[in-house]
Amino acid sequence: MFMTVNAPAIRRLPLPEFTAMVAMLFATIAFSIDAMLPALPAIAAELSAEAPNRAQLILSAFVFGMGAGTLFAGPISDAVGRKPTIAGGILLYIVGAILAHYSGSLEMLLLARVIQGLGSAGPRIAGLALTRDLYEGREMARVMSFVMTVFMIVPALAPAVGAGIIAFTGWRGVFLAFVIFGLLALIWVSTRQPETLPPGQRRPLTAVNLISALREVLGNRDVRIYTAVMTLGYGQMFALLSSIQQIFGEGYGRTTSFPYWFALIAVVSAAASILNARLVMRLGMRRLATNAYLALAVFSALAAVIFWADVLTGWLAFAGFFIWANSIFFIAGLTFGNLNALSLQKMGHIAGMATSVIAAISTVLSVAIAAPIGQAFDGTPLPVMVGAVVCSTLGYILMRKTLPV
């Protein structure tokens, strides 16, 4: 049995349904990123033919908007409740998707993607705070592992779905799919999920309350470290996501089959989440995350040396890259749920604000890490491999500085 917070006052959904619903809220982000990957060549050809690498900014713009939006979504959810925040965010997300559908220039498309990202922060942050309202500590980490397992179905299918939509409607049709996805998530939450933050526990949206909560979050040394580690983890993952379609297409000539290879990567990441759910109650969140980053740092360093020395050629080079790319997403499955639970363990009374601060900092700064790496794409995976070596090594060092839990 899971221990719950506020259990007497809140009717809880059955765990399988709750897991699937929260996974869908989180998947708003994954779908919005991964379904765009097959569209990047077509968008580059139509809107940025002179500089095709700029099409990667479509991903960075969304992530930047999401990071900025997280700073507001948490305090708003603490003030008005989780469900209104989720609903408002989804509606803004839909507006951004509609604007993107009708964009006539890359600049307009990037602005629309920022708006989409701002809206996606609502379901992401309020969904995480909602989970923290009900679960805490290792129980929350285990629930989040179940959520991530279901969540990874979307990245597995999104590129193939995106490619199918593009084949029939062109790249603009992908944004209409985002509208439909958002509406389905909104209906599910509105009709099934009870509000988890009673009016008596809400914090008015005042400057005094915001500053007080901000000081409490940033004043905790371990929370600062976990936020930095998440920044590094997101940075290396977004860097790979920004370049992965070009690596598959330009580097290894697998543009057509890319959605299927990416689906395999997502399945591996889902397996990591299942493994984490089995191990976290026995080994603990901190130990798992620390060892995961050490393993990734060593493996990425080995891969970078091999590709720098040009040891592998032909299909062996592709196999080597594919195995390494899987390791990035596998480690994400072993770390992100644990890091979120660790950072929120002592912040349950201000879960919305804490989630906002942590997510905003980690997401926005991860763009500052990922964008330069993505723009350094040279036809090989070497830039993203070197980036992963640096990020994972720093993540391991920082995790060693946290207190055991």
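This is a predicted model: local features need pLDDT of at least 70, side-chain atom pairs count only at pLDDT 80 or more; totals for chains, interfaces and linings use all residues.

Colleague: How many residues does the largest nonpolar core have, and which have the most contacts inside it?

Modeller: That core has 124 residues, and Phe321 and Trp324 are those with the most contacts inside it. Helix 13, residues 314–344, gives the most to the core, with 16 residues.

Colleague: What does Trp324 touch, leaving out residues up to four places away in sequence?

Modeller: Trp324 touches Leu240, Phe299, Ser300, Ala303, Val384, Met385 and Ala388.

Colleague: Which ring cluster includes Trp324?

Modeller: Ring pairs link Trp324 into a cluster with Phe248, Tyr252, Phe258, Trp261, Phe262, Phe318, Phe321, Phe322 and Phe329. One of these rings, Phe318, also has a charged neighbour: Arg254 lies over its face, at 3.9 Å from the ring centre.

Colleague: How many aromatic pairs does the structure hold?

Modeller: The structure holds 19 aromatic pairs. Among them is Phe31 with Phe178, whose ring centres are 5.2 Å apart.

Colleague: Why is the pair of Phe31 and Phe178 edge-to-face?

Modeller: The planes of the two rings stand at 85°, and an angle over 60 degrees counts as edge-to-face. The pair links distant parts of the chain, since Phe31 belongs to helix 1 (residues 15–34) and Phe178 to helix 8 (residues 173–192), 147 residues apart.

Colleague: Are Phe31 and Phe178 buried or exposed?

Modeller: Phe31 is buried, with a relative accessible area of 8%. Phe178 is buried as well, and its value is 0%.

Colleague: A change of topic: how many cavities of 30 Å³ or more are there?

Modeller: The count comes to four.

Colleague: What lines the second largest cavity?

Modeller: Its lining consists of Ile33, Leu59, Ser60, Val63, Phe238, Leu241, Ser242, Val367 and Ala370. Helix 3 (57–80), helix 10 (221–251) and helix 14 (351–375) are the elements that give two or more residues to this lining.

Colleague: Lastly, where is Pro16 found, and is Pro16 buried or exposed?

Modeller: Pro16 is found in helix 1. Its relative accessible area is 64%, so Pro16 is exposed, the cut-off for that class being over 50%.

Colleague: What separates the C-alpha atoms of Pro16 and Gly352?

Modeller: Those atoms are separated by 24 Å, and the two residues are 336 residues apart along the chain.

How values were computed:
Residues are numbered from 1 along each chain as its sequence is written. Side-chain values use heavy atoms; hydrogens and water are left out. A nonpolar core is a set of buried Ala, Val, Leu, Ile, Met, Phe, Trp, Tyr and Cys residues joined through side-chain atoms within 4.5 Å. Buried means under 20% relative accessible area, exposed over 50%, partly exposed in between (1.4 Å probe, protein chains only). Helices (H or I, at least four residues) and strands (E, at least two) are DSSP runs, numbered from the N terminus. Contact means heavy atoms within 4.5 Å. Rings of Phe, Tyr and Trp (its six-membered ring) pair if their centres lie within 6.5 Å; planes under 30 degrees apart count as stacked, over 60 as edge-to-face and the rest as tilted. A charge sits over a ring if NZ of Lys or CZ of Arg is within 6 Å of the ring centre and within 35 degrees of the ring normal. On a 1 Å grid over the protein atoms alone, a cavity is a set of points where a 1.4 Å probe fits but cannot get out, and a pocket is an open set with protein on both sides within 12 Å along at least five of seven lines; lining residues have an atom within 4 Å of a point. Grid points are joined across faces, edges and corners, and a volume is the space filled by probe spheres set on the points.
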